[in-house]
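Colleague: I have a chain open on my screen and would like to talk it through with you. Could you take me through it step by step?

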Amino acid sequence: GLARTPLPGVVVANPPGAPLAHIGGFHDVALTINPNYTTTEKTFSGKIDHDFGAVRLTSITGYSDLDPKVIYDLDISPANSQIVNIDNFNRMFTQEVQLKSPVESKLQWIVGAFYMDVEAGFEPQRVLLSGGATIQDIRSKIDTSSLAGFAQGSYEIFTDTRLTAGVRYTRDRREVAGTTAINGVVNPAATVSGRATTWKKATFRVALDHQFTDDFMAYASVN
């Protein structure tokens, strides 16, 4: 019953008139502050295509910078015991390069590479306890990178029948770091630094398809 609307027939710990009793209508809540959420976002994307004749080149670039900020009353009461102020960041960069066969080539092929780098975390996530007498700051950063190379070819082995084969190799890496501080004093037991994991995997695809009519095509594939 702490400053929340009691349902009819419910016995609450704080009756009307108590310091933290609920006031207002059924749909009202009593908070120390008004919650607020703002987001600043910057994005960029670009694509370049060029036909050299014997080969076609495509470059695709992307970048985004997202900065959400939120403040809210965690205890959901006028007690001013827990206020949370979160300052997030999320930055991502991607780049892909493709080399492709000419459009008229009987063998349609593509080779390329893809790279992604993402940084995200809190700077910080701050919790004000007991009206600000105790301040807990959580700072964290997660770095994620991905690098992949790929190739695929498709050849018409019979009239309207194509055989396609492709392979991709991906290497992902994620590193985590973070600290927790109380009133400016970092807690060593709640500190993570340079903890990283790497994943590597090769994948493939083989497919056979046949174009029976302009509107009907059937295929079988193994991945």
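Predicted model: local features only at pLDDT ≥ 70, side-chain atom pairs only at ≥ 80, totals over all residues.

Colleague: Let me jump to Ser 101; where is it found?

Modeller: Ser 101 sits in the loop between β3 and β4.

Colleague: Is Ser 101 buried or exposed?

Modeller: Ser 101 has a relative accessible area of 0%, and because buried means under 20%, Ser 101 counts as buried.

Colleague: Which residues is Ser 101 in contact with, leaving aside its neighbours within four places in sequence?

Modeller: Those are Arg 56, Leu 107, Gln 108 and Trp 109. With Gln 108 there is also a polar contact, made between the two side chains at 3.4 Å.

Colleague: New topic: how many aromatic pairs are there?

Modeller: The count comes to two aromatic pairs. One of them is formed by Phe 93 and Tyr 115, a tilted pair with 6.5 Å from centre to centre and 55 degrees between the planes. This pair links distant parts of the chain, since Phe 93 belongs to strand β3 and Tyr 115 to strand β4, 22 residues apart. Phe 93 is partly exposed at 32% relative accessibility, and Tyr 115 is partly exposed with a relative accessible area of 32%.

Colleague: Why is the pair of Phe 212 and Phe 216 tilted?

Modeller: The ring centres of Phe 212 and Phe 216 are 5.3 Å apart and their planes are at 40 degrees, so the pair is tilted; planes under 30 degrees apart would count as stacked and those over 60 as edge-to-face. Phe 216 is partly exposed, at 46%.

Colleague: What about the nonpolar patch, which residues form it?

Modeller: The patch on the surface includes Leu 107, Tyr 155, Phe 204 and Val 167, and its residues together have about 890 Å² of accessible area. Strands β5, β6 and β8 each supply at least two residues of the patch. Val 167 lies in strand β6 and counts as partly exposed, at 48% relative accessibility.

Definitions and conventions:
Residues numbered from 1 in each chain as written. Heavy atoms only, no water. Phe/Tyr/Trp six-rings, centres within 6.5 Å; stacked < 30°, edge-to-face > 60°. Helix = DSSP H or I, 4+ residues; strand = E, 2+ residues; numbered from the N terminus. Buried < 20%, exposed > 50% of the residue type's maximum accessible area, 1.4 Å probe, protein only. Patch = residues over 30% accessible without salt bridge, like charges linked within 9 Å, V, L, I, M, F, W, Y side chains within 5 Å. Areas by Shrake-Rupley, 256 points an atom, 1.4 Å probe, with all protein chains shown as cover. Salt bridge = Lys/Arg side-chain N within 4 Å of Asp/Glu carboxyl O. Polar contact = N/O pair within 3.5 Å; in protein donor to acceptor, adjacent residues only side chain to side chain. Contact = heavy atoms within 4.5 Å.
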